[in-house]
Structures are given as C-alpha cells and as structure tokens.
Amino acid sequence: LKAFGPSIIAPFQPKLEAMLTDPQAQARESSDVYIGQQCFAAELVAGLVRGSKYWNAEDQASMQVTVSKVVKHMLSIAEMETVGIWATCVRFCLFDRHPRHTRWLTELIMDNAIPAKAELGTTSVLVCKKLLLLKTVVKELGWRGGPLQRQLAHDIEPFLDHPYAQMRTCVGAIMATLARVSWDPAFVGTPRVESTHSATHAATHVQHMLQHTWYTRGRRSNAKSSKGPDTVADIL
C-alpha cells in the first residue's frame with residue numbers, strides 16, 4: 001500500500017460501492033454471501049487504515065472518507081452475525097498505533113455508538129452491536145484512552161436500567177472493560193494523583209455506576225427480601 005497509494009483501491013471500488021448502496025443485502029442475500037461481503041469490507045478497511053500510515057495528508061484524507069462511508073454503513077445495519085468480524089477489524093486498525101493517528105476512527109465509532117435518550121427504548125440489536133464495537137476500542141486503547149473512558153462512562157449511565165437484558169449485558173461488558181483498563185494499583189491510595197489521573201476518574205465513575213445499579217436493583221426488590229450489601233465493596 002505504501003508503494004501503490006490510493007490507486008490500489010480502484011479495482012475494489014465498484015464492489016464496495018454496490019455494497020454501500022444496498023441496505024437490504026442482509027435480507028436478500030444468503031447468510032454465507034452476506035458474511036463474505038462483510039469480511040471483504042472489513043479486510044479492506046483494516047488494510048487501508050494500517051497501510052496508509054506513510055501516505056501524504058491528501059491521500060490519507062481520501063482514505064478516511066472511504067473508510068468512514070463503510071463504517072457508517074456497517075453501523076446502520078441491525079444484526080449481530082458480523083460483530084466479531086468488525087471487532088477484529090477495529091482491533092487491527094488500532095493495535096500498536098498512537099491514539100492521535102487513529103483519532104478520526106475512534107471518534108467516528110464513539111459518535112455513532114451512543115444513541116440519544118429518546119432512542120433508548122426503540123432499539124436493541126443495533127445499539128448492542130455498536131456498544132460491543134466500542135468495547136473493542138476501549139480495550140485496545142487501554143490506559144491511553146483516558147478521556148474516552150471518562151466520556152464513555154458518563155454516556156452509558158442511562159443504559160444501566162434498560163428494560164432489555166441484552167442491552168444491560170452489553171453495558172455490563174463495557175463497565176467491566178472500563179474497570180480493567182482504568183484501574184492502576186500504582187495510584188491507589190494516592191489522593192494527589194487520583195485528582196489528576198484520567199484513568200482514575202473513569203474508575204471512580206464506574207464505581208458510581210455500580211452504586212447506582214445496586215440502588216436501582218434494591219428499589220425493585222421485594223420489601224420482604226433479605227437486606228443486601230450496602231457498599232460496592234460488599235457487591236464485589
């Protein structure tokens with residue numbers, strides 16, 4: 001890709017454009033054909049993002065436009081069959097790359113993953129698909145994604161008491177990932193550092209969400225049931 005530049009995508013452009021202009025492909029095509037199309041698109045996206053590292057600014061901008069179209073189309077299809085394919089694609093795009101170089105892709109997934117509050121009760125499969133891909137982003141960025149972790153911990157809080165179990169499961173998976181990548185034993189018990197460390201802010205917000213979750217669960221439980229734990233430490 002470094003030697004050929006953007007011209008390498010020309011032979012694949014017609015097939016890619018046909019896929020982007022066919023929103024009903026999942027319903028019309030057989031499962032094997034549809035998954036094959038998604039594999040083709042995911043591998044193309046991963047190759048472009050990784051291979052364009054040494055392209056000039058103009059060629060990279062052209063690549064970002066093409067990839068953004070594919071990613072937005074993928075995020076608009078409500079199905080779970082290809083989540084693993086696209087999660088692998090995102091992981092490959094972000095692996096061992098500085099967050100500044102892939103910021104456009106991270107922001108694209110982040111901006112399209114969390115729906116507005118008015119949409120919380122109208123979607124489930126599509127939002128779960130987006131959240132699982134976002135979990136891949138958080139996991140791959142790790143400690144380098146402090147600002148993203150803080151924002152994400154705040155944005156997923158309205159989902160904690162979502163009526164769909166599938167949604168709550170996805171939110172729980174993100175909370176577990178946030179807790180894992182944001183907890184640093186080196187900063188435990190150090191108030192001066194905790195006040196400024198980005199990851200610690202995210203961990204604190206996750207702890208707040210756990211308290212909120214237990215409070216909501218307690219309100220729904222029978223008044224005659226046995227008294228549950230009072231703190232997050234008791235829950236864990």
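Q: What covers the buried residues of helix 1?
A: This is a predicted model, in which local features need pLDDT of at least 70 and side-chain atom pairs count only at pLDDT 80 or more, while totals for chains, interfaces and linings use all residues. Residues are numbered from 1 along each chain as its sequence is written, and side-chain values use heavy atoms, with hydrogens and water left out. The cover includes helix 3 (31-51) and helix 4 (57-75); helices are DSSP runs (H or I, at least four residues), numbered from the N terminus.

Q: Which residues of helix 1 are buried?
A: Buried means under 20% relative accessible area, with a 1.4 Å probe and protein chains only. In helix 1 (residues 13-20), Leu 16, Met 19 and Leu 20 are buried. Seen down the helix axis, the buried residues fall within an arc of 100°, so they line one face of helix 1; the arc is that of the directions from the axis to the C-beta atoms.

Q: Which residues touch the most other members of the largest nonpolar core?
A: In soluble globular proteins, nonpolar side chains tend to be buried together. A nonpolar core is a set of buried Ala, Val, Leu, Ile, Met, Phe, Trp, Tyr and Cys residues joined through side-chain atoms within 4.5 Å. Here the largest core has 52 residues, of which Trp 86, Leu 152 and Ile 156 touch the most other members. Helix 7 gives the most to this core, with 8 residues.

Q: Where is confidence lowest, and where is it highest?
A: pLDDT is the predictor's confidence in each residue, from 0 to 100. Confidence is lowest in helix 12 (residues 232-235), at a mean of 39, and highest in helix 5 (residues 83-94), at 93.

Definitions and conventions. Helix = DSSP H or I, 4+ residues; strand = E, 2+ residues; numbered from the N terminus. Buried < 20%, exposed > 50% of the residue type's maximum accessible area, 1.4 Å probe, protein only. Contact = heavy atoms within 4.5 Å.
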